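Hello,

Here is the structure I promised to pass on. Please open it first, then read my notes below.

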Amino acid sequence: MATVTLKGNEIHTLGNLPANGSKAPNFTLTKNDLSLASLSDYSGKRVVLNIFPSVDTGTCAQSVRQFNQEAAEIENTVVLCVSKDLPFAQARFCGAEGINNVEMLSDFRDGSFGKDYAVTFTDGPLAALLSRSVVVLNEAGEVIYTEQVPETVDEPNYKAALEALADA
């Protein structure tokens, strides 16, 4: 179990993010058109997993905007924004914001992504949602960078995630 905070109050997740150098767990998530996407669909590409509780909060929305602007411009890289938001809400947000350089994916069906990546909150007001985290994978699907944001209302360290891509 990992401990983070929400406005200074401790909350917990199922465990720790996958270790650097490990093979990333496969996943099946739902796209905005309700089709499915798996990690294997991105084989041969570098992947940034931008994980967050809900796109309907300011910090989560900003992380999508920031990665849409920055990481999406990096060659052979896909940014996957993962939450438990319904695909309809994700599509509405992207449409309203003009977001088109990242893919929004939902873990709403069975929560297996949150379990496999150990980012599901187990208690507190965000219980069952996903902890704000970033996981970066190389072309072979190996973890090269992780960050579980210690204070949930804070933004992730975009610079460190992007530097991990540059070093890959």
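Which glutamate forms a salt bridge with lysine 159, and how far apart are the closest N and O atoms? The partner is glutamate 163, with the closest N and O atoms 4.0 Å apart. A salt bridge here is a side-chain nitrogen of Lys or Arg within 4 Å of a carboxyl oxygen of Asp or Glu.

Before the rest, some ground rules. This is a predicted model, in which local features need pLDDT of at least 70 and side-chain atom pairs count only at pLDDT 80 or more, while totals for chains, interfaces and linings use all residues. Residues are numbered from 1 along each chain as its sequence is written, and side-chain values use heavy atoms, with hydrogens and water left out.

Confidence: pLDDT is the predictor's confidence in each residue, from 0 to 100. The protein chain averages 92, and 99% of the residues score at least 70. Among its elements, α1 has the lowest mean pLDDT (81), and strand β4 (residues 36-38) has the highest (98). Helices (H or I, at least four residues) and strands (E, at least two) are DSSP runs, numbered from the N terminus.

Salt bridges: a search of the whole structure finds two. Lysine 159 and glutamate 163 sit four residues apart in helix α4, so about one helical turn separates them. Lysine 159 is exposed at 59% relative accessibility. Glutamate 163 is partly exposed at 41%. For these labels, buried means under 20% relative accessible area, exposed over 50%, and partly exposed in between (1.4 Å probe, protein chains only).

The other pair is arginine 65 with glutamate 97, closest N and O atoms 2.8 Å apart. Arginine 65 lies in helix α1 and glutamate 97 in helix α2, so the pair ties together parts that are 32 residues apart in sequence. Arginine 65 is partly exposed at 30%, and so is glutamate 97 at 35%.

Helix α4: this helix spans residues 158-167, and its buried residues include Ala160, Ala161 and Leu165. Cover for the buried residues of α4 includes β5 (46-51), α1 (58-69), β6 (77-83), β8 and β9 (143-148).

The α3-β8 loop: phenylalanine 121 is in the loop between α3 (112-116) and β8 (133-137). At 2% relative accessibility, phenylalanine 121 is buried. Leaving out residues up to four places away in sequence, phenylalanine 121 touches a set of residues including Val4, Ile11, Pro53, Leu130 and Thr152. Contact means heavy atoms within 4.5 Å. Alanine 118 is found in that loop between α3 and β8 too. Its phi is near 60 degrees, a positive value in a residue other than glycine. Alanine 118 is buried at 11%.

Pairing needs at least two DSSP bridges between two strands. Threonine 3 stands opposite histidine 12 in β2. The hairpin has two residues between the strands, and lysine 7 takes a positive phi near 55 degrees. Lysine 7 is exposed at 68%.

Surface: Leu34, Leu86, Phe88 and Phe108 make a nonpolar patch of about 360 Å². Patches are made of residues with over 30% relative accessible area and no salt bridge: like charges are joined within 9 Å, nonpolar side chains (Val, Leu, Ile, Met, Phe, Trp, Tyr) within 5 Å. Areas come from the Shrake-Rupley method with a 1.4 Å probe; for residues, only the protein chains shown count as cover. Leucine 86 is in the loop between β6 and α2 (87-97) and is partly exposed at 42%.

Best wishes
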